Amino acid sequence: MERLKNEFLAELSQSLISHPDKESILNDYDAHLDELFVTLYTLEDESEIRDQVYSRFGTPKEIADMWKEELSVTPSKMKWLFVAVNICLFVGGAILTIAHNLLDWGWLTKVWNQLTSFPIVIALIYSFFWALLGYEIGRGFGHKGRKLMKGTFLIALLPNILLMILTVFKIIPHEWFSPLLTESFIGICIIFTILLYPICLISYRWGKKASV
């Protein structure tokens, strides 16, 4: 198995050529190969072991191609992509809220009533967005993505904080959010806001594991 591991890493090293994270990638796969070989100790056929390695990780060339492709996804692009998506969600919600309160459109009232009938669903869908943020950063940047995740989380959270301030100080009329602003919904919002970072962190670790 040691010979097979050395061949795999040597081929991976050659395929990565001048990748800036080459050494880190090789170290990661060195450790993960050791972990995999522990579970394959009963196998004696080298070709079967190689098939298991390729099935789990892909060929060295496939791995190198994946890492080269991810070079085009810079931390800055990833961060501002999620910030922009979160802003779009808020802008879309703001337009819907303003239109519902200022325009007497029957179909819009029906849409609003349907959306506000299940506040827990809104909270769960929004939590999925934050889980996706953590997962994609973990999958795309591995162990180097944690700082990026924290920065993206803080910036993307600003619209949430701004909305809370505007609502608490009644700059936005409370009746605009009827029937959402109930004690139960406010409680749900507080709980989900507290849980957003743990959701991001767990998803980040999951994505980091999936990147290997």
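**Figure 1. Salt bridge between K5 and E2 in helix α1 of the predicted model.** The side chains of K5 and E2 meet in a salt bridge, with an N to O distance of 3.7 Å. The structure shown here and in the following views is a predicted model. Because K5 and E2 are 3 residues apart in helix α1 (residues 2-16), about one helical turn separates them. K5 counts as buried, since its relative accessibility is 7%, whereas E2, at 49%, counts as partly exposed. Both residues belong to a network of salt bridges that also links D30 and D34. In the whole structure, a search finds 9 salt bridges.

**Figure 2. Salt bridge between E7 and R50.** The side chains of E7 and R50 form a salt bridge at 3.5 Å, N to O. This pair links distant parts of the chain, with E7 in helix α1 and R50 in helix α3, 43 residues apart. E7 is partly exposed, with a relative accessible area of 35%; R50 is likewise partly exposed, with a value of 22%. Side chains of opposite charge can pair when their charged atoms come close.

**Figure 3. Salt bridge between R139 and E136 in helix α7.** The side chains of R139 and E136 meet at 2.9 Å, N to O, in a salt bridge. About one helical turn separates R139 and E136, because they are 3 residues apart in helix α7 (residues 119-141). R139 has a relative accessible area of 33% and is therefore partly exposed.

Figure 4. E44 lies in the loop between α2 (22-39) and α3 (46-57). Its relative accessibility of 77% is over the 50% cut-off, so E44 counts as exposed. Together with D45, E48 and D51, E44 forms a negative surface patch. The C-alpha atoms of E44 and M1 are separated by 9.1 Å, although these residues are 43 residues apart along the chain.

**Figure 5. Nonpolar patch on the surface.** The patch is formed by I98, L102, L103, W105, W107, V111, L115 and I122, which together have about 750 Å² of accessible area. Two or more residues of the nonpolar patch come from each of α5 (75-102) and α6 (106-116). Helix α6 gives the most, with 3 residues. V111 is found in helix α6 and is partly exposed, with a relative accessible area of 34%.

**Figure 6. Polar contact between N86 and Y126.** N86 lies in helix α5. With a relative accessible area of 0%, N86 is buried. The side chain of N86 makes a polar contact with the side chain of Y126 at 2.6 Å.

Note on methods. Residues are numbered from 1 along each chain as its sequence is written. This is a predicted model: local features need pLDDT of at least 70, side-chain atom pairs count only at pLDDT 80 or more; totals for chains, interfaces and linings use all residues. Side-chain values use heavy atoms; hydrogens and water are left out. Helices (H or I, at least four residues) and strands (E, at least two) are DSSP runs, numbered from the N terminus. Buried means under 20% relative accessible area, exposed over 50%, partly exposed in between (1.4 Å probe, protein chains only). Patches are made of residues with over 30% relative accessible area and no salt bridge: like charges are joined within 9 Å, nonpolar side chains (Val, Leu, Ile, Met, Phe, Trp, Tyr) within 5 Å. Accessible areas come from the Shrake-Rupley method with a 1.4 Å probe; for residues, only the protein chains shown count as cover. A salt bridge is a side-chain nitrogen of Lys or Arg within 4 Å of a carboxyl oxygen of Asp or Glu. Lys and Arg count as positive and Asp and Glu as negative; His and the chain ends are not counted. The place of a charge is taken as NZ of Lys, CZ of Arg, CG of Asp or CD of Glu. A polar contact is a pair of N or O atoms within 3.5 Å; within protein, one must be able to donate a hydrogen and the other to accept it, and residues adjacent in sequence count only if both atoms are side-chain atoms.
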